Amino acid sequence: MAGEPADITGWQRLDARTTTSGRIAAEDIARLSAIGVRHVINLALADSKGGMADEDRLIAAAGLRYTHIPVPFDAPEESHYEAFRAVYSADNETVHVHCIANWRVSAFFYRYNREHGMPQSEARALMEQQWVPEATEYKAWAKFVARGAG
């Protein structure tokens, strides 16, 4: 879509409601708001390298809703995914979901999309625009993704 901040690390539009990315910077908040984002979900840890300090405060100051679901990169758990699914499914607000590299986010959306009937090949293609968990040393993510393959 025109005017999207595609220069944000790992930028991806999933549908009319949802955009995703890796790390965002303070100046990106206004850009997200300008394209209609009303809710930001952050899956990175608060102390992740490259993360934004005071993200919750800055996003709230811009009039956007903020949800933080800290997912340790080396240990994604079902409880993290369940929290994400509950928050994302709670309403139809335009939402931006991010982490640091869009790897956590793309794996979560792979699972979410599969649960909601998206063919595996399509869900994988979306995730693989960001990464292929099985081709990395991060075996916890390969296992996490495999739980959503069915």
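This is a predicted model: local features need pLDDT of at least 70, side-chain atom pairs count only at pLDDT 80 or more; totals for chains, interfaces and linings use all residues.
View 1. Asn102 sits in the loop between strand 5 (95-98) and helix 4. Its relative accessible area is 0%, so Asn102 is buried. Take a look at the backbone here too: Asn102 is not a glycine, yet its phi is positive, at about 70 degrees. Most residues other than glycine have a negative phi.

**View 2. Asp54, another non-glycine residue with a positive phi.** At Asp54, phi is about 60 degrees and positive, although the residue is not a glycine. You will find Asp54 in the loop between strand 3 (39-42) and helix 2 (55-61). With a relative accessible area of 45%, Asp54 is partly exposed.

**View 3. Arg17 and its surroundings.** Arg17 belongs to the loop that runs between strand 1 (12-13) and strand 2 (18-21). This arginine counts as buried because its relative accessibility is 16%. A polar atom of the Arg17 side chain is 2.9 Å from the backbone oxygen of Asp91. Setting aside neighbours within four places in sequence, Arg17 is in contact with Tyr88, Asp91, Asn92, Glu93, Thr94 and Val95.

View 4. Not counting residues up to four places away in sequence, Ile8 touches Ser21, Gly22, Arg23, Ile24, Asp28, Arg31 and Leu32. Ala25 is 17 residues from Ile8 along the chain, and the C-alpha atoms of the two are separated by 8.6 Å.

**View 5. Helix 4 beside helix 6.** Helix 4 (residues 103-115) packs with helix 6 (residues 139-146) at an angle of about 20 degrees, and their axes are 9 Å apart. Angles under 35 degrees count as roughly parallel, and these two helices are therefore roughly parallel to each other. From helix 4, Arg104, Ala107, Phe108, Tyr110 and Arg111 meet Trp141, Phe144 and Val145 of helix 6. The contact has six nonpolar, no polar and two charged residues.

**View 6. Helix 4 beside helix 5.** Which way does helix 5 run relative to helix 4, roughly parallel or roughly antiparallel? Helix 5 (residues 120-128) and helix 4 pack at an angle of about 165 degrees, with 9 Å between their axes. That makes the pair roughly antiparallel. Their crossing is right-handed. Ser106, Ala107, Tyr110, Asn113 and Arg114 of helix 4 meet Gln120, Ala123, Arg124, Leu126 and Met127 of helix 5. Sorted by class, this contact has five nonpolar, three polar and two charged residues.

**View 7. Helix 3 crossing helix 4.** Helix 3 (residues 78-89) and helix 4 have axes that come within 11 Å and cross at roughly 65 degrees. The crossing of this pair is right-handed. On the helix 3 side are Glu78, His80, Tyr81, Phe84, Arg85, Tyr88 and Ser89, which meet Phe108, Phe109, Arg111, Tyr112 and Glu115 in helix 4. These residues divide into six nonpolar, two polar and four charged.

Methods: Residues are numbered from 1 along each chain as its sequence is written. Side-chain values use heavy atoms; hydrogens and water are left out. Axes are lines fitted to C-alpha atoms, for helices over the stretch in contact, and angles run from 0 to 180 degrees between N-to-C directions. Helices (H or I, at least four residues) and strands (E, at least two) are DSSP runs, numbered from the N terminus. Angles under 35 degrees count as roughly parallel, over 145 as roughly antiparallel, 65 to 115 as roughly perpendicular and the rest as oblique. Contact means heavy atoms within 4.5 Å. Ala, Val, Leu, Ile, Met, Phe, Trp, Tyr, Cys and Pro count as nonpolar, Asp, Glu, Lys and Arg as charged, and the others, Gly among them, as polar. Buried means under 20% relative accessible area, exposed over 50%, partly exposed in between (1.4 Å probe, protein chains only). A polar contact is a pair of N or O atoms within 3.5 Å; within protein, one must be able to donate a hydrogen and the other to accept it, and residues adjacent in sequence count only if both atoms are side-chain atoms. A crossing is left-handed if the near helix is turned anticlockwise from the far one by less than a right angle, and right-handed if clockwise.
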